[in-house]
Amino acid sequence: MTEGLLKDKFGRTIRDLRISVTDRCNFRCFYCIPDEDIVWKRRQEMLTYEEIILIAEIAVGLGVEKLRLTGGEPLVRRDIEYLIENLARIPGVHDLALTTNADGLDKRAASLRAAGLHRLTISLDSLKPETFKEITRRDALQSVLDGIEAAMQAGFPPPKINCVVIRGLNDMEVADFADFARATGISMRFIEYMPLDNGHQWDRKLLVGGREVLERIQERHALVPLQRDAPSETALRYTFADGSPGEIGIIAPVTQPFCGACSRLRLTADGNLRTCLFSMVDHNIRDRIRRGDTRDQVADFMIGTVLKKEEGHRINEPDFVQPPRTMSFIGG
Ligand code: SAM
Ligand code: SF4
């Protein structure tokens, strides 16, 4: 492991850069993006691929080892394979992942693999076409299932599947998802609904806590806890007691926050560094690059930004204020 130079005031070292490559998306998940009247970022506001590559190189030079492409929907940005090829070439990148809704992935999985992508995380909130449509506002369940299948065929390790659990919508499906994990050998990860939605409609009553998800699965299948791979890992992981393939992960940022071991920094599609999903401030790195700052100057800016990283989110504090930007703009 290279020496980590991105250290914050609380003793945490940044190893993980999440890069949002676009704020655009072909889905309209109700908890993420508005259904209409969306004001997309203009092309000239967005980082070019060359700018993203430069920022990633600088971050890796400072100790970042994991890169994740996200958005918005990364597959809607043209020629994402070019970006992947260039990021995969940076010496010191140990993990290059992409989070996608998997719509159309069946046609892209092979080219993403050939470009050098290491692994995929796929979002899937329901196995029922109607519920899927209610959440994403798109009738695309079969396309996503085809995408998951194609990812396996293309030689990727079994993808992790993210499911945001919402009370009254898909919470009755968690044990079915566990069956899906067993049948496919994938890792099914249940995420708590976070107050990052566009309409500021988040309501604790809609949140299904990680412990409840676990109980519901255990009514059907006994689970055995797994050791964390790394302290910064967000998921509490479980295998099936009967030795079946597949895995369960619980990501509970609201009821069991993991801020104390956070190793993440985010880069928005319009070139802002964000030190936390719930930050109220952006740190504009794009304009520094565009005005011609040297690599060392940009590196110093990154080091200084990490020093401003918040100790943790304040979702559970009475004075919590939801950030103005939603997941689709920040990069999930
Ligand atoms: N479009 C890609 C996708 O859906 O996988 C990548 C971007 S999306 C913003 C990344 C992840 O954030 C998805 O798994 C999505 O479900 C999750 N997400 C978005 N809004 C959320 C919220 N309010 N609470 C919890 N997770 C959320
Ligand atoms: Fe798009 Fe992903 Fe947000 Fe859904 S969660 S609207 S797929 S960016």
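Modeller: A nonpolar core is a set of buried Ala, Val, Leu, Ile, Met, Phe, Trp, Tyr and Cys residues joined through side-chain atoms within 4.5 Å. The model is a predicted one, and its largest nonpolar core has 100 residues.

Biologist: Which residues touch the most other members of that core?

Modeller: They are Ile19, Ile80, Leu87, Met188, Phe190, Ile248 and Met302. Helix 1, residues 49-61, gives the most to this core, with eight residues. In soluble globular proteins, nonpolar side chains tend to be buried together.

Biologist: With what is Leu87 in contact, its neighbours within four places in sequence left aside?

Modeller: Leu87 is in contact with Ile19, Ile53, Ala56, Leu67, Leu69, Val93 and Leu96. The term requires heavy atoms within 4.5 Å.

Biologist: Why is Ser126 called buried?

Modeller: The limit for a buried residue is under 20% relative accessible area. Ser126 has 0% relative accessibility, and therefore counts as buried. Ser126 lies in the loop between strand 4 (119-123) and helix 4 (129-136).

Biologist: What makes the pairing of the side chains of Ser126 and Glu173 a polar contact?

Modeller: The cut-off is 3.5 Å between N or O atoms, one able to donate a hydrogen and the other to accept it. The side chains of Ser126 and Glu173 are joined at 2.6 Å, so this pair qualifies as a polar contact. A polar atom of the Ser126 side chain also lies 2.9 Å from the backbone nitrogen of Lys128. Leaving aside neighbours within four places in sequence, the residues in contact with Ser126 are Thr131, Phe132, Leu141, Glu173 and Phe177.

Biologist: What makes the space lined by Lys160, Ser187 and Arg189, among others, a cavity?

Modeller: In a cavity, a 1.4 Å probe fits but cannot get out. The structure holds one cavity of 30 Å³ or more, and the largest cavity has about 30 Å³ of space. Its lining also includes Glu233, Ala235, Arg237, Glu247 and Gly249. Strand 6 (187-192) and strand 9 (247-251) each supply at least two residues of that lining.

Biologist: How many residues of each class are in the lining of the largest cavity?

Modeller: There are one nonpolar, two polar and five charged residues. Gly counts as polar under this scheme.

Biologist: What is the volume of the second largest pocket, and which residues line it?

Modeller: The second largest pocket has a volume of about 400 Å³. Among its lining residues are Thr22, Arg24, Lys41, Met46, Tyr49 and Val76. By class, this lining has four nonpolar, two polar and six charged residues.

Technical notes
Residues are numbered from 1 along each chain as its sequence is written. Chains are lettered from A and ligands numbered from 1 in the order in which they are written. This is a predicted model: local features need pLDDT of at least 70, side-chain atom pairs count only at pLDDT 80 or more; totals for chains, interfaces and linings use all residues. Side-chain values use heavy atoms; hydrogens and water are left out. On a 1 Å grid over the protein atoms alone, a cavity is a set of points where a 1.4 Å probe fits but cannot get out, and a pocket is an open set with protein on both sides within 12 Å along at least five of seven lines; lining residues have an atom within 4 Å of a point. Grid points are joined across faces, edges and corners, and a volume is the space filled by probe spheres set on the points. Helices (H or I, at least four residues) and strands (E, at least two) are DSSP runs, numbered from the N terminus. Buried means under 20% relative accessible area, exposed over 50%, partly exposed in between (1.4 Å probe, protein chains only).
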